[in-house]
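The entries follow the order in which I looked things up.

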Amino acid sequence: MRPLLDVTRDEILDHARKRRLKWVEDESNANVHFMRNYLRHEVLPLIARRFPSYRVTIARSARHVAEAVEVLEEVAAKDGAGSLRNGTLSVEGLRRLPVARARNLLRYFLAGQGVAMPATGRLEEALRQVLTAKQDARVAIELDGASLRRYEGRIQVVPTLKTPRQYSRPWQGEKRLDFPELGGALTFARKTGNGISLARLRGGAVTIRLRRGGERLRPDCRRPTRSLKNLLQEARMAPWLRERLPLIFHGDTLVWVPGVGIDCAFRAKSGEPALLPGWT
């Protein structure tokens, strides 16, 4: 909202002086080192002498641009009607559009995710990689504080997090543990016969760690123990999520993995007090 766009500085000052208003003048306003002040004090007065009505013209152009932006957003919303879902965007939905509308939809998607709009060249490169990279390629385009990722035909914005490699944190009975460095929170609900057996957790330290390689789990009692790597691939979990998963250990034994399940040896029996973790 810019209600004074059509009002000149002189008109505002005249209004304030007539009503004896007091105001604070930012001392940096006179510093022509800053580009906007240089334009205001040095360039625009020259333009005003040659084109006295330039302010009216610029204000009118600003309104036209605002109207155009509104139309482009409506077009993007229609183009993305079948492609936008749960904070992700279909690559195929982008591919079906003409280039200009695909760029417009990508801008609309990024704006909806709260990402600062990248420069034109960066946006072009992002669109090119998303549409042309091989199916199994790991597409990651760095944005401001995040990255644009592609997985299984969809793209999403992933916040940039500084996660320590050797991460370990004890669990001491809390109902909730926040992990800002992992981008989420663990909750622990008390249940009966559904979850991790509390009796099995006694007699050893319970810790939350990240993957270090070589972990194994047996979530299905009818099948043998398997590598966590294969289980995560089978669960179709995006690669960048696998590196941020909080894993629950009892001593050195892996007990629970978000999106995969509880190890068979630690599963509670019917009627037994249990703990049901959740990762959000």
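Which residues make a nonpolar surface patch of about 370 Å²? I found that Val32, Met35, Tyr38 and Leu39 make it. The model I worked from is predicted, so I note its limits: local features need pLDDT of at least 70, side-chain atom pairs count only at pLDDT 80 or more, and totals for chains, interfaces and linings use all residues. Residues are numbered from 1 along each chain as its sequence is written, and side-chain values use heavy atoms, with hydrogens and water left out.

**Entry 1: surface patches**

I took a patch to consist of residues with over 30% relative accessible area and no salt bridge, like charges being joined within 9 Å and nonpolar side chains (Val, Leu, Ile, Met, Phe, Trp, Tyr) within 5 Å. The areas come from the Shrake-Rupley method with a 1.4 Å probe, and for residues only the protein chains shown count as cover. Helices here are DSSP runs (H or I, at least four residues), as are strands (E, at least two), numbered from the N terminus. Met35 counts as exposed because its relative accessibility is 57%; I use buried for under 20% relative accessible area, exposed for over 50%, and partly exposed for values in between (1.4 Å probe, protein chains only).

I then turned to charge. A patch of negative charge on the surface gathers Glu67, Glu70, Glu73 and Glu74. Lys and Arg count as positive and Asp and Glu as negative, while His and the chain ends are not counted. The place of a charge is taken as NZ of Lys, CZ of Arg, CG of Asp or CD of Glu.

**Entry 2: the disulfide**

How many disulfides does a search of the whole structure find? The search gave one, a disulfide being a pair of cysteine sulfur atoms within 2.5 Å. The partners are Cys221 and Cys264, with sulfur atoms 1.9 Å apart. The pair links distant parts of the chain, 43 residues apart: Cys221 is in the loop between strand E11 (216-217) and strand E12 (226-227), and Cys264 is in the loop between strand E15 (261-262) and strand E16 (273-279). I recorded the disulfide as right-handed because the torsion about the S-S bond of Cys221 and Cys264 is about 110°. Cys221 has a relative accessible area of 34% and is therefore partly exposed, whereas Cys264, at 18%, is buried.

**Entry 3: salt bridges**

I searched the whole structure for salt bridges and found 12, counting a side-chain nitrogen of Lys or Arg within 4 Å of a carboxyl oxygen of Asp or Glu. I noted three of them in detail.

- Arg95 pairs with Glu92, the closest N and O atoms being 3.1 Å apart. Both lie in helix H4 (residues 91-95), three residues apart, about one turn of the helix. Arg95, at 39% relative accessible area, is partly exposed, and Glu92, at 40%, is partly exposed too.
- Glu152 meets Arg236 at 2.8 Å, N to O. This pair links distant parts of the chain, 84 residues apart, with Glu152 in the loop between strand E4 (146-151) and strand E5 (154-159), and Arg236 in the loop between helix H8 (228-234) and helix H9 (239-242). Glu152 is partly exposed at 42%, while Arg236 is exposed at 55%.
- Glu234 and Arg226 meet at 3.1 Å, N to O. Glu234 is partly exposed because its relative accessible area is 49%, and Arg226 is buried because its value is 18%.

**Entry 4: backbone angles**

What is the phi of Asn86? I read a value near 50°, which is positive in a residue other than glycine. Asn86 sits in the loop between strand E1 (84-85) and strand E2 (88-90) and, with a relative accessible area of 75%, is exposed. Glu152, noted above for its salt bridge with Arg236, also has a positive phi near 50°.

**Entry 5: a contact across the sequence**

Last, I looked up Tyr108, found in helix H5 (residues 99-112). Tyr108 is partly exposed because its relative accessibility is 32%. From Tyr108 to Ala76 I noted 6.4 Å in space, C-alpha to C-alpha, the two being 32 residues apart in sequence.
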